[in-house]
Amino acid sequence: TYETLAAHYRAEVISKLPRRSILAPSFIASFPPGSDITSVPETCGVLSEREVTITRMNVVQLVGEMGEGRIKAVEVVEAFGVRAAIAHQLVRTLSTP
């Protein structure tokens with residue numbers, strides 16, 4: 001059935017997320033459809049303070065910080081990757097390849 005196939009693909013995507021970004025099912029369930037989840041990445045405890053700061057920056061700020069050597073590109077990629085993983089668990093933003 002399509003439900004079985006959908007569950008399989010959802011599990012496959014979740015299995016590929018960084019382990020540290022996995023939210024507890026009970027935490028996810030505390031946000032019913034229509035909930036305001038905009039603060040979740042910053043309040044769920046997964047992102048470090050530095051990662052929150054990085055993901056709040058705009059592109060001009062990020063380029064400037066990287067150009068000055070205060071932030072490494074890998075930090076930016078990791079921070080946004082974890083933030084995307086958090087978002088996916090709440091609103092299913094990712095799909096299978």
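What share of the contacts in the protein with a separation of 6 or more is accounted for by residues 24 or more positions apart? The share is 64%, where a contact means heavy atoms within 4.5 Å.

This is a predicted model, in which local features need pLDDT of at least 70 and side-chain atom pairs count only at pLDDT 80 or more, while totals for chains, interfaces and linings use all residues. Residues are numbered from 1 along each chain as its sequence is written, and side-chain values use heavy atoms, with hydrogens and water left out.

**View 1. The whole protein has 6 helices and 0 strands.** From the N terminus on, the elements run α-α-α-α-α-α; helices (H or I, at least four residues) and strands (E, at least two) are DSSP runs, numbered from the N terminus. Taken along the principal axes, the C-alpha atoms fill a box of roughly 55 × 30 × 20 Å. Of the 97 residues, 26% are buried, where buried means under 20% relative accessible area, exposed over 50%, and partly exposed in between (1.4 Å probe, protein chains only).

**View 2. Helix 4 (residues 49-56) packs against helix 6 (residues 73-91).** The angle between these two helices is about 90° and their axes are 9 Å apart, the axes being lines fitted to C-alpha atoms, for helices over the stretch in contact, with angles that run from 0 to 180 degrees between N-to-C directions. Helix 4 is therefore roughly perpendicular to helix 6, given that angles under 35 degrees count as roughly parallel, over 145 as roughly antiparallel, 65 to 115 as roughly perpendicular and the rest as oblique. Helix 4 contributes Arg50, Glu51, Ile54 and Thr55 to the contact, and helix 6 contributes Glu75, Val76, Ala79, Phe80 and Arg83.

**View 3. Thr55 of helix 4 makes a side-chain polar contact with Arg83.** The two side chains come to 2.8 Å in this polar contact, a term for a pair of N or O atoms within 3.5 Å, of which, within protein, one must be able to donate a hydrogen and the other to accept it, and for which residues adjacent in sequence count only if both atoms are side-chain atoms. Thr55 has a relative accessible area of 10% and is therefore buried. Not counting residues up to four places away in sequence, Thr55 touches Leu47, Ala79, Phe80 and Arg83; the C-alpha atoms of Thr55 and Ala79, which are 24 residues apart along the chain, are separated by 6.5 Å.

**View 4. Glu51, also placed in helix 4, makes a side-chain polar contact with Arg20.** This polar contact between the two side chains is 2.3 Å. Glu51 is buried, because its relative accessible area is 11%, and, leaving aside neighbours within four places in sequence, Glu51 is in contact with Arg20, Val46 and Ala79.

**View 5. Ser21 lies in the loop between helix 1 (2-15) and helix 2 (25-29).** With a relative accessibility of 0%, Ser21 counts as buried. Residues up to four places away in sequence aside, Ser21 touches Val46, Val82, Ala85, Ile86 and Gln89.

**View 6. Asn58 stands at the start of helix 5 (residues 59-67).** Here a side-chain oxygen of Asn58 reaches to within 3.0 Å of the backbone nitrogen of Val60. Helix 5 is followed by Gly69, whose phi is positive, near 80°.
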